[in-house]
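I opened my notebook to look up how the chains meet.

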Protein chains: 4
Amino acid sequence: MSQSFRVGIVGISGYGGGEALRLCATHPNFKVVYAAGESSAGSRLGDRYPALSGDLADLVIQKFDVDALPDLDVLFASLPTGESKPLLARVPAKTRIVDIGGDHRYVDGWTYGLSDVWPDRIRTATRIANPGCYPAATLTALAPLLAAKLIEPANIVVDAKSGVSGAGRGGGDSKFGFAEVNEDFAAYGLLKHTHMPEISATIKTIAGTESGLVFTPHLLPMTRGILATIYARSTSGATTEQCLAAARAFYEGRTFVRIGSAAPHTKWASGSNFAFLSYFADPTRNLVIALSAIDNLGKGAAGQAVQNANLMLGLPESAGLSNLPVWP
Amino acid sequence: MSQSFRVGIVGISGYGGGEALRLCATHPNFKVVYAAGESSAGSRLGDRYPALSGDLADLVIQKFDVDALPDLDVLFASLPTGESKPLLARVPAKTRIVDIGGDHRYVDGWTYGLSDVWPDRIRTATRIANPGCYPAATLTALAPLLAAKLIEPANIVVDAKSGVSGAGRGGGDSKFGFAEVNEDFAAYGLLKHTHMPEISATIKTIAGTESGLVFTPHLLPMTRGILATIYARSTSGATTEQCLAAARAFYEGRTFVRIGSAAPHTKWASGSNFAFLSYFADPTRNLVIALSAIDNLGKGAAGQAVQNANLMLGLPESAGLSNLPVWP
Amino acid sequence: MSQSFRVGIVGISGYGGGEALRLCATHPNFKVVYAAGESSAGSRLGDRYPALSGDLADLVIQKFDVDALPDLDVLFASLPTGESKPLLARVPAKTRIVDIGGDHRYVDGWTYGLSDVWPDRIRTATRIANPGCYPAATLTALAPLLAAKLIEPANIVVDAKSGVSGAGRGGGDSKFGFAEVNEDFAAYGLLKHTHMPEISATIKTIAGTESGLVFTPHLLPMTRGILATIYARSTSGATTEQCLAAARAFYEGRTFVRIGSAAPHTKWASGSNFAFLSYFADPTRNLVIALSAIDNLGKGAAGQAVQNANLMLGLPESAGLSNLPVWP
Amino acid sequence: MSQSFRVGIVGISGYGGGEALRLCATHPNFKVVYAAGESSAGSRLGDRYPALSGDLADLVIQKFDVDALPDLDVLFASLPTGESKPLLARVPAKTRIVDIGGDHRYVDGWTYGLSDVWPDRIRTATRIANPGCYPAATLTALAPLLAAKLIEPANIVVDAKSGVSGAGRGGGDSKFGFAEVNEDFAAYGLLKHTHMPEISATIKTIAGTESGLVFTPHLLPMTRGILATIYARSTSGATTEQCLAAARAFYEGRTFVRIGSAAPHTKWASGSNFAFLSYFADPTRNLVIALSAIDNLGKGAAGQAVQNANLMLGLPESAGLSNLPVWP
């Protein structure tokens, strides 16, 4: 008989928490017994997510009270930046945590959950800092090239584009309203985006030396999806085939990373935990272009979080994540 | 030499006010000398609308203070529901007003500004209540049929669909956010939408008898555009050709109403003041379907407002409105 | 140990066939052993659907040759209108067929697969004509009201709106291109849409008398989703609660039909086989408005097809269909 | 009295030709007397563009026969690649030509129509090769930096993103269909896009030395708009302010180029001929990021074409182009 783990989700009102709920609700080894959310507290889950049924639909959303948590095997936390540190510190040690929010990335005692790069570290962890959506897309593409020393860590330009759900739900700013986002495209956070240190730190961890990173995020007129277009300098004229081969070797046996010779589309990943990678090199110019397409709520947030939980709990890493992307 | 009128716009931060500004800025007879807005007060107009230049870009947005208005020939007001009555009552009589908001529709002393139906009434008015966006689409299509007594006023179903800009800008509710509106469609306000009395009252005015109206609005995943699909019962087996002929006769010489035998697309009207109408009848069933496509910010708000101002000021009614729709 | 059935899919290049593949690929009791498609013949499935892996990715798409079919338990056919009758007639009797296309609806020897209305008929069938997408949305909402004789069959207006994937993939007409569909909305097929006879025939089957149907389809600027807004005349002043109660009773125990008091959103159903229904009545006017939201490729095509196959094969009807909708 | 020029448009069925028609139809000095198009020949213009009226609506679209042209002052040509050279060679010398298509860029006897960079060259020309949409966006941003020698021509990465209308209308490939483009984003033409030589050649013209260019185009899920995000190496630690100042000086007095310190949005330019530029520099890394937002059918095609025609004809360069962008 299959194992069953008791799961809690904090931040259920947001898009990341909602996606965690969607995945956990049909996970063969998970039973969601606790859901907390600020703006939706007091509602039944079924009132917020009308496709739910049975006990799960009747579960009432709580205000998050860390001292009144039920007995949980795993807690998924998707809290606003700055709020989770003091709260999650008081969660009992036996409850594994995946923090989908950004507060515990590169914090002592927390393992950085880049699940396809460091699955073994995650298997033995109990506190996971889930990567940010942009870092997940970027680092999944860069890791094989850095590990194989095919590119210089000191010279990387990441031109990244994200769907609007990456900005979170709470906002309510008209700049994320349909009327203004539709038929619009722009860069933002030039030279100062919050995800840059996380990417830089991970590049340094993989490559062993400091990175020189330029990171420019853009807002796409779409709901889900990130494409990172990455320009790097190859160390010694790497070819397209060498880059693809390095990625295939690096991710051999990994379920959720797909490497191909065609430029990936974000829609290939929609609703799933997949990352699609491709590489294009011009060895005469020492140029490598790496492309990475993910669903920002999947591999970029809740999908990766469930994969991390699976690894921590000794489950098959694809448990509850086997659905194929929705296309078109 | 062409006449020049001094124009003020109140509610410049919203989509309706912004569209009024866009149209007035290039109107050959208008000079915008005053702009007021709640959330944008203190900004230069050029900071909010980066395509503006010259004096207009440097005009500083004010908090609306009705007692400190400059000398104006026309004031366009686009204020939140419920706020405009006491304020606009204090605007000097010599300043013509077009209230784009809903507070003065069917109020004594204010002329209902259905410009293509009652241009002569508007020419002699000084206070115009601009029709709501749904009523503008609906009534423009119904008026010829009602006037010609081709349909029964007592049996009209209006299934109307609007782009998101019709919900206004302030909102900031995630339900109008791109992530939730994109790839979604739903009805709202079933059996109780706020525009129903305005439509009913106008039908009664035209037809002379009470209307029996069902009005169902829907939210479209697009920024601009309204399509009204209207089901009516014909009085005596009207044909498609009779309906089209009635509309062509009713709107003869009117610049902004176009009647054709093809089902109209909202995109035909995008960015313009046009209304596109068509009619399909099944005389064997006494059925008439009327279709009306407009830009909710054009004929449904600011376009109609400028047309009304032109009529009041004795200008050609298409002054400042001659731009063609943007397609695709 | 779970049963395994050998599955074939014809029309894999189109959206309906592709969605059938997506669902069958992760169905716990299905093994896809045959895929045929006109425009994609010769490709590996994995080249067309990059998230596939293993044997399924390596399956080569065939030109459909009905005389060279492998041994199959079920065949899903999604062929262009007019092509399937002679071909499917030669499929061996032991191979169950679900025809997602329109050629066998109301044809002798074929069972109309409105799975939530007539599950028992389908359990004993071997040839299923899957409902069209508009009929699926419309009839699922109307059936309870007609069965309970709450509304008059003779007086029904269906104002239906569909995402673009409902128009199929082959087209390639610029009128379905992104540039022209985005920011556009229009009705089409006024008074003559191809789905009308199918809806009328089914209403007659349920109600026992002829229907008087007006059906107006519209094209939405979105990929997936249908909303049907249905106006009917109640026989004796039905209330909202009576309509909701009738629907709840009619669909008791049915997994995929959800009835609620809020107007349903198409996005609630996206990527799933659910139908969301609601009803709003004004008994003083004998008016009932029924609303139905589905994914046109789910309950409107491949989802319903898999549900029908499950019923024919004696499987739980939700096998392979338990994924929750993707939101937002 | 204002001058009036006789205008012809070839390629009226496409998006570029249609936009030229839209602009010419309300141009105060233009009278469109000839329209030709392959797929729409035989139709009235008013049947294709339902907002047109009067004589222009009644003009019948011709098959393009260069030997049967009426007397024209200007011809706008928007023909498929490869078709225009032999045909346009036979247009009478007195008829000025703006070739919106790509065949005459960097061809002897044709002036490259980068109107805001080289207006004086264009004033004396009679044959203009209008820039491609990506080059227009890219070069307008780069020209001031190259002219002021603030950046190295040898080290430029252009990450460009375009709306779908840039792919033209004829296509009909489902990859440009709404169902596949919506909620999708991808790069294409990696390391080999057709616009690269045009950009390289122009950089060389301005800078005097060979360029080292990486150009990656992407397809945006929107109809109109291009954003180019350009990464360059500064020669000696240029600051943001130095870049902005160089651009302001370079474009002083130019109507259609707007320089600001905020990252520009494509929607700022929608439906207009404006280009919005901004610059962000990190002098400690010799990094300059240039951003350019245009409407690909405006400054990227027909808007620039009309501006070029105005310059050739001695008209004010903004004649017929004074409409403000449509927002939101």
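My entries on two interfaces follow.

**Entry 1: chains D and A**

I am working from a predicted model. I looked up the contact between chain D and chain A: 44 residues of chain D touch 44 residues of chain A. The two chains bury about 3400 Å² between them. Carbon and sulfur atoms hold 62% of that area.

Next I checked charges. I found two salt bridges between chain D and chain A. I noted A:D159 with D:K161, whose closest N and O atoms lie 3.0 Å apart.

Which elements of chain D supply at least two residues each to the side that touches chain A? I listed β7 (151-162), α7 (178-181), β8 (186-187), β9 (213-219), β10 (226-234), β12 (275-282) and β13 (287-294). The largest share is five residues, from β7(D). I sorted this side of chain D by type: 25 nonpolar, nine polar and ten charged.

**Entry 2: chains A and B**

I moved to chain A and chain B. Here 17 residues of chain A meet 17 residues of chain B. The buried area is about 1300 Å², with 57% on carbon and sulfur atoms.

I counted two salt bridges between chain A and chain B. In one, A:E180 pairs with B:R169, the closest N and O atoms being 2.9 Å apart.

Helix α7 (residues 178-181) of chain A gives the largest share of the side touching chain B, four residues. I sorted that side of chain A too: eight nonpolar, six polar and three charged.

Conventions. Residues are numbered from 1 along each chain as its sequence is written. Chains are lettered from A and ligands numbered from 1 in the order in which they are written. This is a predicted model: local features need pLDDT of at least 70, side-chain atom pairs count only at pLDDT 80 or more; totals for chains, interfaces and linings use all residues. Side-chain values use heavy atoms; hydrogens and water are left out. Contact means heavy atoms within 4.5 Å. Buried area is the accessible area (1.4 Å probe) that two parts lose on being put together, summed over both. A salt bridge is a side-chain nitrogen of Lys or Arg within 4 Å of a carboxyl oxygen of Asp or Glu. Ala, Val, Leu, Ile, Met, Phe, Trp, Tyr, Cys and Pro count as nonpolar, Asp, Glu, Lys and Arg as charged, and the others, Gly among them, as polar.
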